[in-house]
Amino acid sequence: MSLNMNPAMNRRSLVAGVAGLGAAGILAGCSGGGASSDGGSAAGSGSAIKIGSIGPKTGATASYGLSVTNGAELGCKEFSVDGLSFEYRSEDSTGNAETAVNAYNTLVDWGMQALVGPTLTGPSVSVAASCNDDRTFMITPSASSEDVTSGKDCVFQVCFTDPNQGKNAALFLADKYADEKIAVIYNSGDAYSSGIYNAFKEQASASKLQIVSEEAFKDDSASSFNNQLTKAQAAGATFIFAPIYYTPASVLLTNAHDMGYEVTLMGCDGMDGILGVENFDTSYAEGLLLMTPFSADDPASADFVKAYQDAYGETPDQFAADAYDGVHAVAEAIKKVGVTADTAREDACDKLAAAMLEITVEGLTGTLSWNDKGQVEKDPTAYVITDGKYVKA
Amino acid sequence: MKFLNDKVTRRDFLTYGLVVAAFIVVSLLASQGVIPRSLSGQLVPVTCYVVMAISLNLVVGVAGDLSLGHAGFMSVGAFSGVVCAMSLSAAIPDDGIRLAVSMVVGALFAAVAGFLIGIPVLRLRGDYLAIVTLAFGEIIKEVVNCLIVGTDAIGLHVIFNVAGDKTVDDLHLLEGGVAIIKGAQGASGTEKIATFAAGFVLVMIALAVVLNLVRSRAGRAIMAVRDNRIAAESVGLSITKYRLIAFVVSAALAGAAGALYGANFSQLSPAKFDFNTSILVLVFVVLGGLGNMRGSIIAAVLLTILPEALRGFSDYRMLVYAIVLILVMLFTNNPQLKLTLGKLLPKREGAVAHGE
Amino acid sequence: MTVFLQYLANGLSMGSVYAIIALGYTMVYGIAKMLNFAHGDVIMVGAYVSFCATSYLGLPAPVAVLISILACTALGVLIEGLAYKPLRQAGPLAVLITAIGVSYLLQNAAQLIWGATPKNFTAIVSFPVPEPLASLNVSAVSITTIIVCLVIMAALMWFTGHTKMGKAMRAVSEDKDAARLMGINVNRTISMTFAIGSALAALAGVLMCSYAPVLQPTTGAMPGIKAFTAAVFGGIGSIPGAFIGGILLGIIEAMAQAYISSSLANSIVFAVLIVVLLVKPAGLLGKYVPEKV
């Protein structure tokens, strides 16, 4: 390839390019405000409390981000009762910390009073630091690293922390499957997966679990797990612990099935949603164990599941339920301390943060209360997939 | 002011002037609180991308080597800068000095990486060079992903987690020690010490380094190698030497930009510096014009802000971004469309052409 | 030993997927001399079209594949005409950036059309695999992919070597201006190249997703880059090179994952690529053209 490297030729190009970009900017300005959608102005007061949410709505992790932003939107609609009224707006983070901070700043410009987001761990740590600096109340539905909340008094989590999940999974295995030979397959390029793995490993050695194989993969090699499975099989593993999201997990299960490898798979909350993968043969997932706080097949969540399906045409997963519970918690905290649409963001932050330590929420994902580290206290539940449904184990 | 009689010098000083003016205007506006947060929050990342674009332009535009792995050097700079800033937080209490030191360290590490990678890579040319730089970018990403680094009273502890079975606990940090880089989880809880002013200074340094290099004897040699390798070789210029100079200087600047970037966020994951980031910077360079530093600056600023400015499009945001990108490329590079656009905007076209 | 053979078989299966993508890449590169970074996304579109045809319209697999091939061919010609053709006189980098724009466009359009939630792709072929392959977990899809690769490779070599259009393509690849002087319609030839490349992409998409069943808007991006690597590995522009490069890439990746480190597998693949290029600067089967002075 011979490159034309003549700088003079490109000067005029630049002018034209600048003009084009300028035009795009004007276009963007004209359509401003299109992103906001009213959660529920039913209260009629005309002034609603502004709730923001952030998640990857485009890119490889968009399915998780859309679940969170949809769940939060539904929450804002449903909790706009009893004189409470929410206005809701969500912004795209593309799964990137820098864009998430930009999304956060956009929401602050809009007048957001409380943030239910972001979705992924990395972006959440960055946004949480900004929230702590500017005094914005933040509750993340799904970012599970301890780094998100540590040292920040106004940041809370709806989901379990990674160490908590990894530890609980190991304790569960020690209790029920102590004799199995366990292989671990985790995503070494992902904060969530490697965070759980680290805690699992620690507890597993304390509980004397037999780990026969530990294999990693990366997002760019998540299209096939044949090699990892071959290794696990060769090591005689009868059980696989895979703290990974449901998208790669569906590949893992298909690969295992195609290999004829009879093995029990166990995952954490990110595994929830696997039955929602369109066209996925759920018989492959038969017997799959997962530690998740939410099940769409639980009668207690039926109303939520129906409302969600009506609004978005999909079965909600744990991401959506956690986001819904996040809005629920904000609503409860607001009732407790009386935040209104006129409360400044900074004041709302201090009041809500104080209220969070006192409230108890009967949510979709269990009975939730919060400790002073911002971490949620709820009971872990193990589900097993039986006949294509999530059943409590 | 006699030196301004020289056309090239005048052009360079116009570029410096533009950057200084932009900095002053933006700082004034920011101090008045006129700039919305969505924009002011982007000031530091924008300066990082500007430096990235200037430095990549040195390799792609001036030296004529297509590099698809520039984000790798940013990654090296970012993580070495973060480690430096975190471990020196007690020794150097002043944020500004610590930031400067960490940017120098980031630049040094990236320069070393650039030198080591440059020696094999620069034996190749064209698309083969492009794929090898892409390969190195991905390798850097994976290697950083395996790093576990912590600091305590004794000093730095580093583990290279090849087998994937090590955790932070294996660092055996003493009481009061902190883990800085935790593999895939990256660096989190880092202090945000970057400022727009520091970004501005870095942009000026990058511009000064690159423009002076380009106008120097070495710069003319680099361009001679680009334009006609065989002719350059025949007059006794060492091809590898001059391409290597461009490559290493570029890597060092990218490293400094990375260190600044890392100091602006409290979380930094290795996955950020992937192929897509490299491509993004390449887009700035191509759109701004090969070898045209002022163009790179303007393109980097506009294209960084563009996706944020498009938030009004909601779900169609990235789609519109893609369409704008394609249209801009078509309008700037197709002779007929360019002509049509020129008719639509006769004044601007003429005015700037004169300014050049 | 059995385990080793199994890794080898895994690598071969993955490699055949890389190979079939790389064939399309190398075809377009070899003739149009452009790095079409949108190729991976055309693959994704091909897989989605086939998925819709089978799952929503209930069409049999061969019909679905045919529809997908037609749709991708049309898409490829459309992209070429709208986005690449106006840049024929511009530098190669301008086309490269436009291709990246097209890649973003396809990914985001796909998300708007088909949603972000992943879909599970049902393999389009299944037949009982004979021993000893079955015990090595070689699937029907992998066998089909390898056979399809070989057929395509032979067909492409015959096409470029023996037909008038194919010879025109080779002429365009050698020297566009000289080809034009010889009366070859360069624009039409390049459009034809994109049509063939995109048809191959559709086939690759269907086979890739039969092998790795998750389908989402970003499905094509990473395999696209890997296949590009494979094409360079084998000598970009060389048709047998793309096949060999793809297969070798798959095997090296499998061996690296199995015996060295699963977190560094990609790095090892890329390191091998770098070493190969340093020894053979034009890839395994590429033509090295010494410069004339």
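**Entry 1: two helices in chain C**

I looked up helix H2 (residues 39-55) of chain C and helix H4 (residues 92-114) of chain C; their axes come within 9 Å and cross at roughly 20°. Axes here are lines fitted to C-alpha atoms, for helices over the stretch in contact, with angles from 0 to 180 degrees between N-to-C directions. Helices (H or I, at least four residues) and strands (E, at least two) are DSSP runs, numbered from the N terminus.

I noted which residues of H2(C) make the contact: C:Asp41, C:Met44, C:Val45 and C:Tyr48. From H4(C) come C:Ser103, C:Leu106, C:Gln107, C:Ala110 and C:Trp114. Contact means C-beta atoms, placed from the backbone, within 7 Å.

**Entry 2: the model**

This is a predicted model: local features need pLDDT of at least 70 and side-chain atom pairs 80 or more, while totals for chains, interfaces and linings use all residues. Residues are numbered from 1 along each chain as its sequence is written, chains are lettered from A and ligands numbered from 1 in the order in which they are written.

**Entry 3: strands in chain A**

I turned to strand S12 (residues 361-363) of chain A and strand S13 (residues 366-370) of chain A, which run antiparallel, joined by 3 bridges. Strands pair if DSSP finds at least two bridges between them. A:Val361 stands opposite A:Leu368. A hairpin of 2 residues links S12(A) to S13(A).

S13(A) also pairs with strand S14 (residues 376-377) of chain A, antiparallel, over 2 bridges. There I found A:Trp370 opposite A:Val376.

Definitions and conventions: Contact = placed C-beta atoms within 7 Å.
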